[in-house]
Number of protein chains: 2
Amino acid sequence: MQGLGVEDTTMTALSKIGEFGLIERFKRFQNLSRHVVTGMGDDAAVLEYDKTRYQLLTTDMMVEGRHFWSSMCPEEVGYKALATNISDIAAMGGVSRSAVISLGVPGKMDADYLQKIYQGFYRLARKFGVSLVGGDTVASDKIIINVALLGEVEKKNLVLRSGAQAGDVIFVSGGLGNSFKSGRHLTFVPRTKEARFLVEHFKPSAMIDISDGLAGDLGHVLKASCVGAELDERFIPVHQDAMLDQALYEGEDYELLFTLSPVKAQRLARSKRGDFCFYPIGVIVPGRPKLTLRRKNGKNISLKTKAFSHF
Amino acid sequence: MQGLGVEDTTMTALSKIGEFGLIERFKRFQNLSRHVVTGMGDDAAVLEYDKTRYQLLTTDMMVEGRHFWSSMCPEEVGYKALATNISDIAAMGGVSRSAVISLGVPGKMDADYLQKIYQGFYRLARKFGVSLVGGDTVASDKIIINVALLGEVEKKNLVLRSGAQAGDVIFVSGGLGNSFKSGRHLTFVPRTKEARFLVEHFKPSAMIDISDGLAGDLGHVLKASCVGAELDERFIPVHQDAMLDQALYEGEDYELLFTLSPVKAQRLARSKRGDFCFYPIGVIVPGRPKLTLRRKNGKNISLKTKAFSHF
């Protein structure tokens, strides 16, 4: 048992039950009040706010040596730590407002290096109207960055993972695959504008951001919505430098994945969308949360919906 | 430069400028909107909410091997991680509502151990009406716990660090010193009830929770309020198992430190306070943020207001 000095042969290692098995365990301990509309299990928690709006609350942790390395530009590392959270708020249809940032840092570290991480937060915060209102700084062996972000969304514009219906068309907002090696995971622009355009004009039935891979994140939507899906390989916008498998399983793309009724899907195709690109990649089908891929050769194969697990 | 693989003889190590020097640097990069009443530099950020209330947002990080050890009871470790945040909200006069929790954990770790940490959160959350609404779980070499907590306070009841005035009496809400070695830092009850009693009946001019030591946290109040203070050694409630120096400099007590005008201080002394204990320990004096201690022998000495620094 790494880091704990305890050995127990009967234990259930996290690597066995995975991140999502763990979330299922934790769900028993939420102690939700009436104030909470949606707790664990979506991109952000949904809290009552006022007559017309909900508040959204999300958090993400990044650890040096796991999510980023010292060779990476510190400004980009800071940028990413905030960007992943803004992406979560966008996936609920919302806009980001206030963030608190915790930093774990080695005492011998250069303060200027840390300031560059902070400048990365700031650059993005200014662009997306986010206030950096507080935080915590503690000593640790490796750099740790945790961002908690508060946002809001009009009640009528809230989109959850659980609303996909048989017949709906599945879309993604951009190219997928090879995000980590290409460095795109450090520079992506959170899809807040696209999400706001969608919720204001088309109100998707379900939405999520692709952090754990297309198959895994679509799997979350299917499970939450109790439906299946059929994707068409020809329509999946795989990046030029990527393979299909990377698009399906690697994650870190932070594109929006959403579903629209057939009528709305047609309207979207005909609409003025400015610079936005929305790619239809398949359809929702009735039945169990099963995922099928139609290959280029016309054959159907079954895909695992297992998301990227940190363990 | 530990954990980064970069060496630069011109760098400013964090251990030199310290946690609070760092916060001063970060303050330049807050990008505050009108929505933000108070950003960095108090126990929690203060955000506009509705006509009569503010929202409060705070965060705290704990790292294995720095803030807790594997030999400690996991339930108590979880309890503490949430309790320190509830204490921050209480120090603003507020009540806690919703928390998101990030966990960094080794993949080989026992899921049951982690569940016990979570039960620690839950036990306290239930007691204080906090909903655990979401979080993040990632892989790391050591256990990391980050809690971000949202609370609220009536506008009329908000207390900042910056309101202490010359002549005010300084109080603490309980015994101080030796919190870490005695284990009290793992089991303390956040002073929300005491804080609510105070803001509703006496409205302190300034308040903070003692996390970095009496001298350091009083120093924060003095600096924010532009005043000095004189403490009387005889009145400081040092725990039986502790020395005065531990009360002054060790921290982790999580008692409230607050100031009241002389008239209110007299009213508090005569009031029905139930089980609450409030100890007057000195007075605020005009002038620079200097701290003086009157020893038992009648002599005055000057105290450093330097807070416990994590670096």
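Me: Which residues in α3(B) do the residues in α1(A) meet?
Reply: This is a predicted model. On the α1(A) side, the residues are Leu14(A), Ile17(A), Leu22(A), Arg25(A) and Phe26(A). By class, the residues of this contact divide into seven nonpolar, one polar and one charged.

Me: Are α1(A) and α3(B) roughly parallel or roughly antiparallel to each other?
Reply: The axes of α1(A) and α3(B) lie 10 Å apart, and the two helices pack at an angle of about 25°. Angles under 35 degrees count as roughly parallel. α1(A) and α3(B) are therefore roughly parallel.

Me: Which element gives the most to the side of chain B that touches chain A?
Reply: The contact takes 82 residues from chain B and 82 residues from chain A. Among the elements of chain B that give two or more residues to its side are α1 (14-26), β3 (53-63) and α3 (111-128). With 11 residues, the element that gives the most is α3(B).

Me: Which helix gives the most to the side of domain 1 of chain A that touches domain 2 of chain A?
Reply: Chain A is divided into domain 1 (58-155) and domain 2 (159-303). In their contact, 15 residues of domain 1 of chain A meet 17 residues of domain 2 of chain A. With nine residues on the domain 1 side, the helix that gives the most is α2 (residues 74-90) of chain A.

Notes
Residues numbered from 1 in each chain as written. Chains lettered and ligands numbered in written order. Predicted model: local features only at pLDDT ≥ 70, side-chain atom pairs only at ≥ 80, totals over all residues. Contact = placed C-beta atoms within 7 Å. Helix = DSSP H or I, 4+ residues; strand = E, 2+ residues; numbered from the N terminus. Domains from an automatic or database assignment. Axes fitted to C-alpha atoms, helices over the stretch in contact; angles between N-to-C directions. Parallel < 35°, antiparallel > 145°, perpendicular 65-115°, else oblique. Nonpolar A, V, L, I, M, F, W, Y, C, P; charged D, E, K, R; others polar.
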